[in-house]
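Have the viewer open and follow along.

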Amino acid sequence: MTVRIRGNDYTVLRPPAIGTWTPTLTVTVVVPAYNGQDKLDLALAGLAAQTYPQELLEVVVVDNGSEPALRLGGIRPELTRLVGCETPGRAAARNAGLAAATGDVVHWLDSDVVLAPDEVEAHLRWHHLAPYLVVTSHLRFTTAPLPEPRAVAAAAGTGGLGALFEPAEPHEWLVDLVERTGGLVRDPHRAFSLHVGGATSVGATLLKAAGPMDTELILGQDTELGYRLGQAGAVFVPDPQARGYHLGPSMRMRDKEPIDRVSHAYIADRIPSYRWLRTHPGRQWKVPYIRATVEPGGYDDVRATVDALLAGTIPDLVVDLPGPWARLAPERRTPLTDPDLDLVLIQGHYAHEPRVRLVGQEPEPDTAEPYRLHLPAGWAPGEDSLARLLDLASEQGYGLINVLLDETADGVVAARLERSAAFARARIVAEPGEDIDDAVDDTFGVLWVDAETYGFASAAQAAPPVGRRGAYRARSEAAAEVAKLKKETERLRGQIAKWRDESGRWRKGAVEYRREIGTLRRELAAAKKAQPVPRTGFARALRRALSRRRRGKEG
């Protein structure tokens, strides 16, 4: 039984200690290289000193058009081959190495990386536990002078590479990613970013399911392949015991901003989970975020469902309409009596809508698309229903969310939001005859929600879609109302400030008057002692005294 890992929590596995187990899997180390013979010699010397059995270790060096042509140094593993690839670029070179690989596991290795002697063994002990792991080494980047290959082989044999390559520094971005995600366990959505070509290993079967590197990309090929590996069901393992030295700083460490500028321009089309690269409110992408399949039904029901999907707040989607489209031959004389009239109308209505595909049958799922929705015709999601379901699935990590639409005598009517990576993982671990949903529940989790809470309604009860111009007008009116309220708020704030100033002046005047009255009382008390004033004349005397003081101030 294949072990079941939930999400990216590889900590449930217990790999054996290095040196305490017996390997059986073969591994091919693919080393693409362009010039740099001196560094390649060091990389091969490090591989020659590996503790992994040499009879299980194959090395394929790919010369990517070097001038002069590369050669294999004298210190190298026994099973080392040199193949050529004239098509320039790392992706093409790695694909050439992949085509020549025969191992159960493929270990990518840059030609300027020298591995610690137990690095390959550290990787392979994980791959013996589960067939869907991607393991990445902890590399340190050194600017030390290059030693001789025999010095590397000797130092590797005694575990003393540090004496040759320290001081060195880690790749801060990768270290930070691992640390803030608890070793990629707490935030599995970005785990695929750890797939780097410097020193990463992948099960050959999983790599075959994901496909080779994308040769159309200028940069970012490692990340894009890592994304597809994740979609194929991979679990990503950063192993601090797998170590090596990168000879010199990486390209990203030297020029992060210009590299990001170039790679983001391409991978935005191919990695839908990078939502921050897809901020445009309406455009389409090569790989959609979600593919919805609307089950067959009558024209009116299908139209209600499809139009609601297209009008929602998630424009980054494609809708599949399975049906016997190939058999249609519209009746030209009496179209109203055509038995396939509803199919003809659906075809005519959506034939030129780029986000709707008329498919002969439900196609095999494309695992590059993160989510798939299966929805019966005649049920319409609300404008934000799909976005809310996707948020729930993404934030909580569910592999399947079922929306209970109705219960009839024939059974339950439901919509299904499926996470592609969860179903890919489930197909790897499921036992023969096991319900695939049960395997998804074990590895990612399954949730049921009700239609009303998430805004699904039957076609008869659903509100008509809001047009783009209507939405624009509503936003404009709301913005105008907000501006009006802000202006009124500012006016009221000014009035309040004015009232506060006046109140302050009144309080100040009252204080002065109280002081004057106190002074007058003391003066009158003194006068009474000198010459008593009749009680009936007290108020009049007080007024006269106040009047004299005011005239004195005004004068």
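Predicted model: local features only at pLDDT ≥ 70, side-chain atom pairs only at ≥ 80, totals over all residues.

## Asparagine 8 and its surroundings

Two residues are in contact when they have heavy atoms within 4.5 Å of each other. Setting aside residues up to four places away in sequence, asparagine 8 touches Leu184, Val185, Pro188, Ala191, Ala234, Val235 and Phe236. Asparagine 8 itself belongs to the segment before strand 1, which spans 27-33.

Is asparagine 8 buried or exposed? Its relative accessible area is 4%, and since buried means under 20%, asparagine 8 counts as buried.

With 0% relative accessibility, leucine 184 is buried.

Now for the greasy parts. In soluble globular proteins, nonpolar side chains tend to be buried together. Here the largest nonpolar core has 47 residues, and Leu133, Leu206, Leu229 and Phe236 are the ones that touch the most other members. Among the elements that give two or more residues to this core are strand 4 (105-109), strand 6 (133-142), helix 7 (204-210), helix 8 (221-231) and strand 9 (235-247). Helix 14 supplies the largest share, four residues. There is also a second, separate core of 40 residues, including Val294, Ile314, Leu392 and Leu417.

Which residues is leucine 229 in contact with, leaving aside its neighbours within four places in sequence? They are Val134, His195, Val202, Leu206, Leu207, Ala210, Ala234 and Phe236.

## Helix 14

Helix 14 (420-429) is mostly covered, with eight of its ten residues buried. Those are Ser420, Ala421, Ala422, Phe423, Ala424, Arg425, Ala426 and Val429. What do they pack against? The partners are helix 8, strand 9, strand 13 (371-375), strand 15 (400-408), strand 16 (411-419) and helix 15.

## Helix 11 against helix 12

Two packed helices are described by the angle between their axes and the distance between the axes. For helix 11 (residues 299-310) and helix 12 (residues 341-350), the angle is about 25° and the axes are 9 Å apart. Angles under 35 degrees count as roughly parallel, so helix 11 is roughly parallel to helix 12. The crossing is right-handed.

At the contact, helix 11 brings Tyr299, Val302, Arg303, Val306, Asp307 and Leu310. From helix 12 come Asp342, Leu345, Ile346, His349 and Tyr350.

Arginine 81 is in strand 3 and is partly exposed, at 34% relative accessibility. Not counting residues up to four places away in sequence, arginine 81 touches Glu58, Val59, Val60, Val61, Leu72, Ala100 and Thr102. One of these gives a polar contact: the backbone oxygen of alanine 100 lies 2.7 Å from a polar atom of the arginine 81 side chain.

Aspartate 38 lies in helix 1 (residues 37-48) and is partly exposed, with a relative accessible area of 45%. Its C-alpha atom is 32 Å from that of tryptophan 126, which is 88 residues away along the chain.

## Backbone details worth a look

Where are the cis peptide bonds to inspect? One joins glutamate 67 and proline 68, with omega about -5°, and proline 68 is in the loop between strand 2 (57-63) and strand 3 (80-84). Another runs from glutamate 166 to proline 167, with omega near 5°. Proline 167 is in the loop between helix 5 (161-165) and strand 7 (168-170).

Asparagine 35 has a positive phi of about 55° although it is not a glycine. It is found in the loop between strand 1 and helix 1 and is partly exposed, at 25% relative accessible area.

Key: Residues numbered from 1 in each chain as written. Heavy atoms only, no water. Buried < 20%, exposed > 50% of the residue type's maximum accessible area, 1.4 Å probe, protein only. Core = buried A, V, L, I, M, F, W, Y, C linked by side-chain atoms within 4.5 Å. Axes fitted to C-alpha atoms, helices over the stretch in contact; angles between N-to-C directions. Parallel < 35°, antiparallel > 145°, perpendicular 65-115°, else oblique. Left-handed = near helix turned anticlockwise from the far one by under 90°. Polar contact = N/O pair within 3.5 Å; in protein donor to acceptor, adjacent residues only side chain to side chain.
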